[in-house]
Each structure stands twice: as C-alpha cells, then as structure tokens.
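Load the model in your viewer and keep the sequence panel open beside it. Each stop below gives a selection and then says what is there.

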Amino acid sequence: ANRGWMERGDTTMNRFQMAEVLSHCADWLFGDIKRIKDEFIELEAGLIDFLIERRESPLLAVKINSGIASPLIVDEARRCAVELQKRIGHPISPCVVANSIPASVRRHAIAHGVEMLAVPVQQFEALAVETGLRQPRAA
C-alpha cells in the first residue's frame with residue numbers, strides 16, 4: 001500500500017486515505033461486521049469504496065466522501081446500491097461516510113434510504129495514528 005501520505009504530514013485526507021483508515025477500523029464505525037467483502041467496486045453508477053458483510057443486516061455499500069456530503073453523493077450511493085443488488089442478487093443497503101453532513105443532506109438521505117455517517121477529519125487523523133497508519137503530529 002502507498003503510505004507516503006503519512007510522512008508528508010498532510011492536514012487533509014482524500015477518500016482513498018480515508019478508506020485505508022476505515023479498512024483498519026471498520027468495526028468501530030459500522031458495528032458488528034463479519035468482513036469487508038470487497039473494495040473499490042467500479043459500477044456504471046459510480047464507485048463503491050467498500051462492500052461490507054454484516055452479521056444480521058443486508059450488505060452495506062459504502063461510499064466515502066472527503067469533505068462535506070452533498071445530495072449528489074447520496075443519489076450516487078443509492079444508484080450504486082441498486083445496480084450492485086441487481087448484479088449480485090443480495091439486498092444492499094447504501095451508506096455514505098463524509099467528514100460533515102449538512103442537515104438538508106441528512107434529510108435527503110433519510111428520504112432515500114441512505115445511511116449517513118459523519119466522521120470529522122480530526123477523528124480520521126486520530127484513527128490513522130491509533131491504527132499506525134500515520135505518526136502523531138509533533139506539537
């Protein structure tokens with residue numbers, strides 16, 4: 001894996017860096033999961049960052065959005081989940097993870113059956129350090 005970003009001391013993370021952190025602590029964010037079934041699935045509707053198999057619930061198609069979530073990302077996640085469900089024949093629940101989620105976007109997501117999880121950049125930073133992906137910042 002390309003871990004060059006750790007040493008550069010970047011203050012932000014792109015979606016692939018966020019995905020790398022999440023892959024190491026998916027249980028923390030998504031609860032009781034069996035495993036990450038697949039990563040970076042390219043579909044006509046867009047890209048799914050993770051397909052997560054949970055113990056009790058449907059598969060979770062996770063789309064990561066670095067920064068502030070928009071209604072467009074919610075719609076893309078929903079379309080991706082529908083396309084993937086047709087392809088593999090299992091129920092799929094769409095989910096968006098973003099650094100922040102405006103109230104209007106959260107309402108849009110709820111109306112369209114898309115789970116939303118906000119994980120602030122600082123929390124990703126802390127998780128990256130905790131999982132050993134990034135060195136703690138010098139004070």
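**Whole chain**

This is a predicted model, in which local features need pLDDT of at least 70 and side-chain atom pairs count only at pLDDT 80 or more, while totals for chains, interfaces and linings use all residues. Residues are numbered from 1 along each chain as its sequence is written, and side-chain values use heavy atoms, with hydrogens and water left out.

Select everything and colour by secondary structure. The protein has six helices and five strands; helices (H or I, at least four residues) and strands (E, at least two) are DSSP runs numbered from the N terminus. Along the sequence the pattern reads α-α-α-β-β-β-α-β-α-β-α.

Switch to a surface. Of the 139 residues, 45% count as buried, where buried means under 20% relative accessible area, exposed over 50%, and partly exposed in between (1.4 Å probe, protein chains only).

**The sheet**

Select the five strands. They form an open sheet in the order β1-β2-β3-β4-β5, with mixed pairing; two strands pair if DSSP finds at least two bridges between them. At the edges are β1 (33–43) and β5 (115–118), each pairing on one side only. Neighbouring strands are turned by 30° against each other on average, direction ignored. Axes here are lines fitted to C-alpha atoms, for helices over the stretch in contact, and angles run from 0 to 180 degrees between N-to-C directions.

Pick Glu42: its bridge partner in β2 is Leu47.

Next take β2 (residues 46–54) with β3 (residues 59–68). This pair is also antiparallel, with three bridges. Phe50 stands opposite Val62 in β3.

**Helix α4**

Within α4, select Val74. Is Val74 buried or exposed? Val74 is buried, with a relative accessible area of 0%. Which residues does Val74 contact, leaving aside its neighbours within four places in sequence? They are Val96, Val105, His108, Ala109, Val114 and Met116; contact means heavy atoms within 4.5 Å.

**The core**

Show side chains for Val21, Phe30, Val62, Ile64, Val97 and Phe124. These have the most contacts inside the largest nonpolar core, which has 23 residues. Such a core is a set of buried Ala, Val, Leu, Ile, Met, Phe, Trp, Tyr and Cys residues joined through side-chain atoms within 4.5 Å. At least two residues each come from α2 (15–24), α3 (26–30), β2, β3, β4 and α6 (121–130). Helix α2 gives the most, with four residues.

Centre on Val62. Apart from neighbours within four places in sequence, Val62 contacts Phe30, Ile48, Asp49, Phe50, Ile52, Cys95 and Val97.

**Gln17**

Finish in helix α2, at Gln17. Gln17 is buried, with a relative accessible area of 8%. A polar atom of the Gln17 side chain lies 2.9 Å from the backbone nitrogen of Asn14.

Definitions and conventions: Polar contact = N/O pair within 3.5 Å; in protein donor to acceptor, adjacent residues only side chain to side chain.
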